[in-house]
Amino acid sequence: DVLGYGGHGTIVYKGVVDKRQVAVKRLLKIYASSADREISLLIESDGHPNVVRYFLKEIRGDFVYLALELCDMSLNDLIVCLGKLRNSTKADDFESATRSL
């Protein structure tokens with residue numbers, strides 16, 4: 001399953017690592033240094049509630065694969081959901097309602 005597309009030929013797939021559902025980000029090998037930088041930033045931010053977790057890096061052929069935490073929804077879906085929630089919820093209740101997302 002393709003979850004999305006990024007710049008420079010990046011594709012994100014749904015996958016499994018050690019029986020765990022993950023997002024598999026596939027980058028062109030020529031961007032390996034960018035992948036390494038992304039890994040460093042993710043490791044620095046590990047445990048932060050608003051940052052996905054990094055699990056694994058693998059290089060095969062012309063590609064670098066990163067196994068990342070699989071989110072329940074895309075950022076776009078979250079923005080749409082919050083917009084609908086904001087329109088249908090009293091302003092006072094909005095903050096408490098969004099904590100459950």
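Gly-4 stands opposite Val-12 in strand 2, in a model that is predicted. Nearby in the pairing pattern, Val-2 has Tyr-13 of strand 2 as its bridge partner. Strand 1 and strand 2 run antiparallel and are joined by 3 bridges. The points below proceed from this hairpin to the sheet, the chain as a whole and selected residues.

**Hairpin and sheet**

- Strand 1 and strand 2 (residues 11-17) are antiparallel neighbours, and together they form a hairpin with 5 residues between them.
- Within the turn of this hairpin, His-8 has a positive phi of about 60°.
- The open sheet contains 5 strands in the order 1-2-3-5-4, and their pairing is antiparallel.
- Strand 1 (2-5) and strand 4 are the edge strands, each pairing on one side only.
- On average, neighbouring strands of this sheet are turned by 30° against each other, with direction ignored.
- In general, the strands of a sheet pair through backbone hydrogen bonds, in either a parallel or an antiparallel manner.

**Overall architecture**

- The protein chain has 3 helices and 5 strands, and along the sequence these follow the pattern β-β-β-α-β-β-α-α.
- Helix 1 lies across strand 3, strand 4 and strand 5 (63-69), and runs at about 20° to strand 5.
- Of the 101 residues in the protein chain, 20% are buried.
- The accessible surface of the protein chain comes to about 7,500 Å², and carbon and sulfur atoms contribute 51% of this surface.
- Among contacts in the protein chain with a separation of 6 or more, 36% are between residues 24 or more positions apart.

**Lys-25 in strand 3**

- Lys-25 belongs to strand 3, which spans residues 20-28.
- Is Lys-25 buried or exposed? Lys-25 counts as buried because its relative accessible area is 18%, which falls under the 20% cut-off.
- The side chain of Lys-25 makes a polar contact with the side chain of Glu-38, at 2.8 Å.
- Leaving aside residues up to four places away in sequence, Lys-25 touches Thr-10, Ile-11, Val-12, Glu-38, Val-64, Tyr-65, Leu-66 and Leu-68.
- Val-12, one of the residues that Lys-25 touches, is also the residue that stands opposite Gly-4.

- Ser-45 is placed in the loop between helix 1 (32-44) and strand 4 (54-60).
- Ser-45 is classed as partly exposed because its relative accessibility is 28%, a value between the cut-offs of 20% and 50%.
- A polar atom of the Ser-45 side chain lies 3.0 Å from the backbone oxygen of Leu-41.

**Cysteines**

- A disulfide is a covalent bond between the sulfur atoms of two cysteines.
- How many disulfides are counted in this model? The count comes to 0 disulfides, where a disulfide requires a pair of cysteine sulfur atoms within 2.5 Å.
- Cys-71 has a relative accessibility of 44% and therefore counts as partly exposed.
- Cys-81 likewise counts as partly exposed, with a relative accessibility of 28%.

Terms used:
Residues are numbered from 1 along each chain as its sequence is written. This is a predicted model: local features need pLDDT of at least 70, side-chain atom pairs count only at pLDDT 80 or more; totals for chains, interfaces and linings use all residues. Side-chain values use heavy atoms; hydrogens and water are left out. Helices (H or I, at least four residues) and strands (E, at least two) are DSSP runs, numbered from the N terminus. Buried means under 20% relative accessible area, exposed over 50%, partly exposed in between (1.4 Å probe, protein chains only). A polar contact is a pair of N or O atoms within 3.5 Å; within protein, one must be able to donate a hydrogen and the other to accept it, and residues adjacent in sequence count only if both atoms are side-chain atoms. Contact means heavy atoms within 4.5 Å. Accessible areas come from the Shrake-Rupley method with a 1.4 Å probe; for residues, only the protein chains shown count as cover. Two strands pair if DSSP finds at least two bridges between them. Axes are lines fitted to C-alpha atoms, for helices over the stretch in contact, and angles run from 0 to 180 degrees between N-to-C directions.
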